[in-house]
Amino acid sequence: RASASVLESAAVYTGASQAERLGVAQQWADGFSVLAAELGAPWQRRPLITHALAPISQGFFTAQHLQRAVESNFLDAGLGIFDARGSNGWQMGRVGSPRGTSFEDAKLTWAEVQASLERGTVVFNYFGAHEKSLAQMCLGAVHAFGLPCNLNLYITRAGQPLSAPPHTDRQDVLIVQTQGVKHWRVYAPPEPALRPGTDPLARGKSSDRLELCELGAPLLEVDLLPGQTLYIPAAFPHTTSTSEGGAAGQSEPSVHLTLNVDSHIWCLTYEAARKVALARVGEAPDGLDVRALPLGEYLDWQDTLPVGFRSPSRSPSSAPAADEAAAAAEAEATEVEGMARSLAERACAAQPGRWESADAAASALELGACARRLQQHYWELLDVQRRLYLDSALELTPTPHSVSLFRVKPYLAELEGTMETLTAWANLPPGSLVGEPAAAAAPVAKPAKAKPGKGKGKGKGFGG
């Protein structure tokens, strides 16, 4: 229910006594709700600086908290690597290496993190699922935005000239600065057609290099301070430093929490909906390359579907429970109708003459059925995420050695299963709809079978 608090919603899953322990999640939900209102017009179109989260974010999770987490859990971290003289973009190496065959010898150490900071930014991907205080933050975000979310942590030493080279992300991101200062530049996306064959949502990463000469003047340049939050839309290039602007001369490291609002990864955009619809009726591929469209049209296809806080029908209700159930059903029907209509209109605009009208496109592509299936998919994703963050925040599932991986891994498998179920419904080959596999975001390596005193070396690290 839109009117329910985090505690009320959680009680459905855990019971009232457990839900009472989620006061911090409710504080985050309140802050994110204010931020969601601020993001109305800027969403997916321009960056934004806000103080909406300042009352709770300043000093919320610092290097000291990170050290305790590293020492008490079995974590994996990535190291941002960029060769200014090379031809590749930002890449992710790993931090640390096993020192022996025991479980303790396989653990990442704080000393390894500190040593890696001399070489670049250290990244803990999907960290919100593994650290209980951050799981409360993620639970609050999922509640407020009504969209799948995950959280990464970035720590950079003071005086790092280039902590991240120009690159884009597949997520709409909220950068919450908790310690130190980081200097940011955010740019408008370049026209996708200027670099055929590249992914506008992953520019400047891996083998693709994004040069500053491809970009115009920054849309926004800011020293991000503790308590401030920066919103960057997906596909908007950005670069960072801890030696420029107000970050120059600082002595403490920069720590920020990046909350990823994941509509692109989980098939909750119009481009993904188009792909599902065409494949379902046997008309894919159809010759339209969305990445070859002018920037404005490309970004229109990346819009989040009308679900969660992007749904025009989502508003709190004070109606009695019986009436509220009917109102909720009506709101969902309105969402489906609006989703199908908007998808049909976009399809006609992208390929004039292919269909006589939006109604004809909706009929030919069975967009009503597609929209209903995507709405079901959306609710399935949200259910898994709520259970994941509730379990992580309250540590409901006991794990060997208190290793969070064993708690998180089944939920990641559920998320991937949800994607594959949608893929099968659309008659697409397995893996066709996964932008970045959920498991590939996990920051925790596999500690073998986790027998006391035993353990293999950590597996492949993952980058963000």
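Q: Which elements do the buried residues of α8 pack against?
A: In this predicted model, they pack against helices α1 (6–14), α3 (23–38) and α13 (367–394), and against strands β5 (149–156), β7 (172–179) and β12 (254–261).

Q: How many residues of α8 are buried?
A: The helix is mostly covered, with 12 of its 14 residues buried. They are Leu134, Ala135, Gln136, Met137, Cys138, Leu139, Gly140, Ala141, Val142, His143, Ala144 and Phe145.

Q: What span should α8 have, and how far apart are its end C-alpha atoms?
A: Helix α8 covers residues 132–145, and at 1.5 Å a residue its 14 residues should span 20 Å. The end C-alpha atoms are 20 Å apart, so the two values agree.

Q: And what follows α8?
A: Gly146 comes next, and its phi is positive, near 65°.

Q: Changing topic: how many salt bridges are found in the whole structure?
A: The search finds 23. One of them joins Arg45 to Asp300, where the closest N and O atoms are 2.9 Å apart.

Q: Where do Arg45 and Asp300 lie?
A: Arg45 is in the loop between α3 and β1 (48–50), whereas Asp300 belongs to helix α10 (residues 295–301). The pair therefore ties together parts that are 255 residues apart in sequence.

Q: Which residues are linked with Arg45 in a network of salt bridges?
A: Asp300, Asp303 and Arg346 are linked with Arg45 in that network.

Q: What about Lys205 and Asp169, buried or exposed?
A: Both residues are buried. Lys205 forms a salt bridge with Asp169, with 2.7 Å between the closest N and O atoms. This pair links distant parts of the chain, 36 residues apart: Lys205 is in the loop between β8 (182–186) and β9 (220–224), and Asp169 is in the loop between β6 (164–167) and β7.

Q: Which residue does Asp286 meet in a salt bridge?
A: Its side chain meets that of Arg354, at 2.5 Å from N to O. Asp286 lies in the loop between α9 (270–280) and α10, and Arg354 in the loop between α11 (321–350) and α12 (358–364), so the pair ties together parts that are 68 residues apart in sequence. Arg354 counts as partly exposed, at 30% relative accessibility.

Methods: Residues are numbered from 1 along each chain as its sequence is written. This is a predicted model: local features need pLDDT of at least 70, side-chain atom pairs count only at pLDDT 80 or more; totals for chains, interfaces and linings use all residues. Side-chain values use heavy atoms; hydrogens and water are left out. Helices (H or I, at least four residues) and strands (E, at least two) are DSSP runs, numbered from the N terminus. The expected span of a helix is 1.5 Å times one less than its number of residues. Buried means under 20% relative accessible area, exposed over 50%, partly exposed in between (1.4 Å probe, protein chains only). Contact means heavy atoms within 4.5 Å. A salt bridge is a side-chain nitrogen of Lys or Arg within 4 Å of a carboxyl oxygen of Asp or Glu.
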